[in-house]
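Here are my notes on the model you sent over. Have it open while you read, and follow the points in order.

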Amino acid sequence: MNTSLSSPLHTLQSDITRYALDAGRKPQDIHLIAVSKTVAAERIIPFLEEGHCLFGENYVQEAQGKWPALKETYPDTQLHLIGPLQSNKVKAALGVFDVIHSLDRPSLAKALAKEIEASGKSPRLFIQVNTGEEPQKGGVSPMQADEFIKACRSDYGLTIKGLMCVPPFDEPPSPHFALLSQIARRNGLNELSMGMSGDYPQAIRLGATYIRVGTALFGAR
Ligand SMILES: *Cc1c(COP(=O)(O)O)cnc(C)c1O
């Protein structure tokens with residue numbers, strides 16, 4: 001028996017394919033980020049062995065502890081920072097992360113531009129939009145998104161790949177995904193990081209190109 005056929009990764013990938021086809025989309029346009037926050041390296045290795053390359057972490061320090069060794073063994077790994085980033089952790093973050101999903105304010109844009117210049121690194125950048133305008137959550141407000149995207153490009157010389165959001169947990173997610181997609185479209189951005197274990201089917205229907213799934217792959221945290 002081929003155990004990989006029944007692995008959580010394989011099951012999720014078949015579900016993603018089905019939801020993509022139902023939405024009239026190409027399954028290969030939807031990239032799965034396996035969110036491994038709080039998950040120990042031993043439990044991540046089977047996913048790497050299965051050939052999975054995209055992983056997400058929320059904390060710079062946790063990633064610094066787990067990923068340098070894993071990346072050495074699995075050099076195709078692409079690590080995504082999906083949690084908030086403090087400006088004074090930018091250097092550390094770019095040391096381990098390939099993609100940042102939480103760019104949300106001018107001071108961070110400035111710190112990233114400076115470190116990109118100094119290090120010669122070219123992380124892919126997503127701007128986080130606080131679609132629910134929740135005070136405790138990161139992200140630029142939807143009203144200020146256009147202006148911030150423009151400032152990132154022209155004032156800080158950053159290349160922005162796309163937008164990211166985390167809808168309020170007690171609201172239907174679809175209006176938030178639709179809003180993110182609308183902001184992306186009018187700003188010429190093609191990548192949308194949206195959808196988690198509980199709402200990725202809706203995110204796929206509304207155009208997600210990166211979904212961030214933890215619990216459905218690794219179990220409850
Ligand atoms: C933890 C987290 C996820 C994964 O959430 P699950 O519900 O476990 O799939 C996705 N995105 C962000 C920003 C997260 O913090």
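**Notes on the predicted model**

1. Overall picture first. The chain has nine helices and eight strands. Its radius of gyration is 17 Å, close to the 17 Å from the globule rule for 221 residues, so the chain is as compact as a globular protein of that length. Keep in mind that this is a predicted model. Along the principal axes, the C-alpha trace spans about 55 × 40 × 30 Å.

2. Of the 221 residues in the chain, 49% are buried. The chain exposes about 10,800 Å², and 51% of that comes from carbon and sulfur atoms. As for contacts with a separation of 6 or more, 57% are between residues 24 or more positions apart.

3. Which of its residues are buried? They are Ile 44, Phe 47 and Leu 48. These three cover an arc of only 100° around the axis, which puts them on the same side of α2. Turn to the other side of α2 and you find Glu 42 and Glu 49, both exposed.

4. What covers that buried side? The cover over the buried residues of α2 includes α1 (8-22), β2, α3 and α9. After α2 comes Gly 51, with a positive phi near 100°.

5. Searching the whole structure turns up four of them. One is Phe 47 with Phe 218: the ring centres are 4.5 Å apart and the planes sit at 45°, so this pair counts as tilted. Phe 47 belongs to helix α2 (residues 41-49) and Phe 218 to helix α9 (residues 215-218), so the pair ties together parts that are 171 residues apart in sequence. Phe 47 is buried at a relative accessible area of 8%, and Phe 218 is buried with a relative accessible area of 8%.

6. Another pair is Phe 55 with Trp 67. This one is tilted, with 5.0 Å centre to centre and 45° between the planes. Phe 55 sits in strand β2 (residues 54-57) and Trp 67 in helix α3 (residues 60-73), so the parts this pair ties together are 12 residues apart in sequence. Are Phe 55 and Trp 67 buried or exposed? Both are buried. Recall that β2 and α3 are among the elements covering the buried residues of α2.

7. A charge over a ring: look at Arg 18 and Tyr 19. The charged end of Arg 18 sits over the Tyr 19 ring, 5.1 Å from the ring centre.

8. Last stop, Ile 30. You will find Ile 30 in the loop between α1 and β1 (31-35). Leaving aside residues up to four places away in sequence, Ile 30 touches Ile 16, Ala 20, Arg 25, Ile 204, Ala 208, Thr 209 and Ile 211. Take Ile 211 from that list: Ile 30 and Ile 211 are 181 residues apart in sequence, yet 7.2 Å apart in space, C-alpha to C-alpha.

Key:
Residues are numbered from 1 along each chain as its sequence is written. This is a predicted model: local features need pLDDT of at least 70, side-chain atom pairs count only at pLDDT 80 or more; totals for chains, interfaces and linings use all residues. Side-chain values use heavy atoms; hydrogens and water are left out. Rings of Phe, Tyr and Trp (its six-membered ring) pair if their centres lie within 6.5 Å; planes under 30 degrees apart count as stacked, over 60 as edge-to-face and the rest as tilted. Helices (H or I, at least four residues) and strands (E, at least two) are DSSP runs, numbered from the N terminus. Buried means under 20% relative accessible area, exposed over 50%, partly exposed in between (1.4 Å probe, protein chains only). A charge sits over a ring if NZ of Lys or CZ of Arg is within 6 Å of the ring centre and within 35 degrees of the ring normal. The radius of gyration is taken over C-alpha atoms; the globule rule is 2.2 Å times the number of residues to the power 0.38. Contact means heavy atoms within 4.5 Å. Accessible areas come from the Shrake-Rupley method with a 1.4 Å probe; for residues, only the protein chains shown count as cover. The arc is that of the directions from the helix axis to the C-beta atoms.
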